[in-house]
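Student: I would like to go through this structure by question and answer. Can you put it up first?

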Amino acid sequence: MSNNADGLLKIDALSAEISGRAVLDDINLEVARSEWLAIVGGSGAGKSTLLRAIMGLKRPARPTSGEMHFEGAHWRFSDCKPFRPKAMSFVPQSPAYGFDPLRRLHWQLAQLARRIRGSQQDNRALFDTLSLPDPAQKYPHEWSRGMQQRLLLAMALMEQPSLLILDEPTSALDPIIAAQVLQEVQRIAAAQGIAVIIVTHDLALAARYAHKIVIMEHGRIVEAGRSDIVLTRPQTAYARELVAHRHWHSASIEATHAAS
Amino acid sequence: MRPADPILVLDGLSVRVGQATLLQDVSLSLAKGEVLCIIGESGAGKSTILKAMQGLMPATCSRFCFGPAGIDVTGQMPNRIGLPRTRWVMQDPLAALNPRQSLGSSIAESLHRHRLSAEERKDATLNALAQAELGPEFYDRLPAQVSLGQAQRACLARAMIAQPDLIFFDEPLSALDALVQKKIAYRMDLLRNATQMTYIVVTHDIGFAESYADQVLVLKDGRVVTYQGRVPFFAAPQSHYASELIAAADALGALRRPEAAE
Amino acid sequence: MNAFALRLVGLIVVLAGVSLITFTLNHFAPGDKALIIAQARYPDTMGLPTELLQEIRAEFHLDAPFLVQYGHWMSGILRGDFGTSYTSGIAVWDIFVANLGETMALTLSSLTLGLFGAFVLASLAVFNPGTLIDRFAVFVASIGAAMPNYWLALLLILGVSVHLGWLPAYGEGTLAHLILPSLTLALWVMASQTRLLRSFMLDAYNQPFIETLRLRGISEREIFFAHVVPHARIPALTMIGLDLASLLEGAIIVELTFSRSGLGSLLAGSVLSRDLPVMMFLVMFFATTYVVINTAIDAIQTLSDPRTRQRSAA
């Protein structure tokens, strides 16, 4: 990867461990402004660990080395104190991951607003773009899952991010809701120049949206590059397998089975 | 949509619990070796259809006929019998397997009605494991010692070994990674081709239906909004909701169309 | 509303059952009740004349058939007349009211103290998982749960009163007298609640949205107090309700050990002197309290979760 003048996020040699066992090993990443990066891998590949480390959490995996540049700021991962990069925000995979069921929605919005401070902007415009009504006195379960998920997106955008992280946007949601949210993100990210990281196990989804793909296995990046290149010329065995099986019942599955 | 020689006919199935109507007037019929996909959002009543057919829900129908088990009833659905000659595969394999029982003995248990020697039983089990792409080393493993995908393969082997005529799959792939999903789906299809079993698959994955279904039934709020063969379903879906589902699946890259180059 | 009415009917059925059982057991208990009453009224008389016993039998309807006696008793209760004590001749209600305060002070102070201790210990354990603090909390809880009340009470008397001489060993009236009995029960409450609270808090932490709060940059402090504690509170309420009922039972032993007056020692005294009206009233009171507390807790629990609250309202 070249030294991009438009660079937004750069991670160098990030490693992390959980009680002595390495869970992330020498991770290097770069994301430019308005760029979409997909982090693809199976369960246990280290995707969520990587996501937590980028967002500054030190538990359960403790980063042992590595540096991060983001929006002109610089962190060493091995510093003990957790950090919270401003202008980086997170959309959880489903409402169950995003809302406390015992708290009213406006309370949860206010909690986030208190944390962001400074940005006392009016959220009405944001709510309008996502065709959301005012949550008022409602509890999460009183809204449909689609509305709840759009509200989670709105909460992420309240932080006025330059990087938005989508965690498994398809695995816990009904397809219509998932597609709707992704298309909203696409529209808003393009309009505001936001970069997006999608964390997913689904290469077909990654290929549909991301400019760049990073494939992880056992805490390592085994393949990285522009989406079209990863899809057409995968280098490692695992990447080749993912590419071959990215569609249901594709010709390539039959080819691999005929060969074996 | 009525196959010439159906193995399963269900007409006018309704399920009411208290005031709530969970299913209203669901009809379907399947020929031997066919795959039916039941699609809908969470809470639409997909699993309720399976439960009603298994007699696990108070349900009424105008006709329920399942030839292999000699069942042909009208009015009340058979209650609490478990449908003979059928098997289930559930969403969460770890919930479906006894955590203290080896995969081999879980699978062999399905053979208890067949009079077999211990050796024949083990051979049949190893054979079933092999059909699900699991080597003999998995015979003695516990569910906690294998991956989720391998556990689901073991469940598939357990369903297959009894040679049922019909298998109910209740979201069999949604707990799994995309790669594992696709491998198991392909394996399910190979086995169906080899045995001519009939499948009813509850799923929210239109991509699976596009590749493997013969019929597609779409539920919304307990009602059938679409019931079509696969080809007409994707070419000209009967309902607006079905076309929304297809569009969503396309937007998620789940359909077999060329990727939008960006 | 429907569910609430159903619960109320259930409550009445349970209480009617308890009253019948209590009355039956007492009715068929061996011994001549007239003799007991006579002995209590004239403690110095040796040979009691038969006419006196007949008079007493007539006064208390002791010769009437079982159901008539039960009817008398129940109709009295429904009219708010709980009878008079055999031994002292004072109205049962007055005796009860005179003793209620001490027991309330004891149970409520020990419940507050014990819950506070349990909360602190459980929070420390949850904040420091797997460390010595965590293990210490579980250890203290296990020891406390394994130690019987009367033994703990004796240990406290020995240590704090006899050896150190800090606090009175028995009696009542001042705050100093309340400390040891209250501490005995509080330690028991703390022991039984710490482990439960700890696991309820861990369950609350394991909910998927907690991780998102961290990723949003919400502080651990806020996550604990604004999210974990309210979630842990719901299941904890049930356990606290059960404890409150057992506390009344514990009060019997503690009040006897520390020679305090109160409902517990009153019950023990009435059993020993076979003062049936007092005893039956207290049994009914304990049963009612138990049922009412648990019904109330169930209702509060339903109301504290917005999801079940709306379902039960619908």
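Student: Which residues of helix 11 of chain C are buried?
Tutor: Keep in mind that this is a predicted model. Helix 11 of chain C covers residues 263-272. A residue is buried if 20 or more other C-beta atoms lie within 10 Å of its own. In this helix the buried residues are L263(C), G264(C), S265(C), L266(C), L267(C) and S270(C).

Student: What covers the buried residues of helix 11 of chain C?
Tutor: Look at other helices of chain C. The cover of these buried residues includes helix 5, helix 10 and helix 12 (276-304) of chain C.

Student: Which residue follows helix 11 of chain C, and what is its phi?
Tutor: Helix 11 of chain C gives way to R274(C). The phi of R274(C) is positive, near 55°.

Student: Is A105(C) buried, partly exposed or exposed?
Tutor: A105(C) sits in helix 5 of chain C, residues 92-127. A buried residue needs 20 or more C-beta neighbours, an exposed one has 12 or fewer. A105(C) has 17 inside 10 Å, so A105(C) is partly exposed.

Student: How many Å separate the C-alpha atoms of A105(C) and L178(C)?
Tutor: Along the chain, A105(C) and L178(C) are 73 residues apart.

Student: What confidence does chain C carry?
Tutor: In chain C, 96% of the residues score at least 70. For the model, ipTM is 0.89 and pTM is 0.85. The average pLDDT of chain C is 83.

Student: Which chains have the most contacts between them?
Tutor: Two pairs of chains touch. Chain B and chain C share no contact, and their closest C-alpha atoms lie 12 Å apart. The most contacts are between chains A and B.

Student: What classes of residue make up the side of chain B that touches chain A?
Tutor: The contact takes 29 residues from chain B and 27 residues from chain A. On the chain B side, helix 6 (178-195), helix 7 (206-212) and helix 9 (240-251) each supply at least two residues. By class, that side has 15 nonpolar, five polar and nine charged residues.

Student: Which helix gives the largest share of the side of chain C that touches chain A?
Tutor: Here 14 residues of chain C are in contact with 17 residues of chain A. Two or more residues come from each of helix 9 (208-215), helix 10 (220-257) and helix 13 (306-313) of chain C. The largest share, five residues, comes from helix 9 of chain C.

Student: Why is chain B called as compact as a globular protein of its length?
Tutor: Chain B has nine helices and ten strands. The globule rule gives 18 Å for 262 residues. Chain B comes close to that, so it is as compact as a globular protein of that length, with a radius of gyration of 19 Å.

Student: What share of the residues in chain B is buried?
Tutor: The C-alpha atoms of chain B fill a box of roughly 55 × 55 × 35 Å, taken along the principal axes. Among contacts in chain B between residues at least 6 apart in sequence, 66% join residues at least 24 apart. Of the 262 residues in chain B, the buried share is 49%.

Student: Which residue in the turn between strand 1 and strand 2 of chain B has a positive phi?
Tutor: Strand 1 (residues 6-17) and strand 2 (residues 20-31) of chain B pair in the antiparallel sense over eight bridges. R16(B) stands opposite T21(B). Two residues lie between the strands of this hairpin, and the one with a positive phi, about 60°, is G18(B).

Student: Why is helix 1 of chain A largely enclosed by the rest of the structure?
Tutor: Among the buried residues of helix 1 of chain A are L50(A) and I54(A). They pack against strands of chain A, including strand 1 (7-18) and strand 9 (212-217). The helix is largely enclosed because the buried residues number six of the eight.

Terms used:
Residues are numbered from 1 along each chain as its sequence is written. Chains are lettered from A and ligands numbered from 1 in the order in which they are written. This is a predicted model: local features need pLDDT of at least 70, side-chain atom pairs count only at pLDDT 80 or more; totals for chains, interfaces and linings use all residues. Helices (H or I, at least four residues) and strands (E, at least two) are DSSP runs, numbered from the N terminus. Two residues are in contact if their C-beta atoms, placed from the backbone, lie within 7 Å. The radius of gyration is taken over C-alpha atoms; the globule rule is 2.2 Å times the number of residues to the power 0.38. pLDDT is the predictor's confidence in each residue, from 0 to 100. Two strands pair if DSSP finds at least two bridges between them. Ala, Val, Leu, Ile, Met, Phe, Trp, Tyr, Cys and Pro count as nonpolar, Asp, Glu, Lys and Arg as charged, and the others, Gly among them, as polar.
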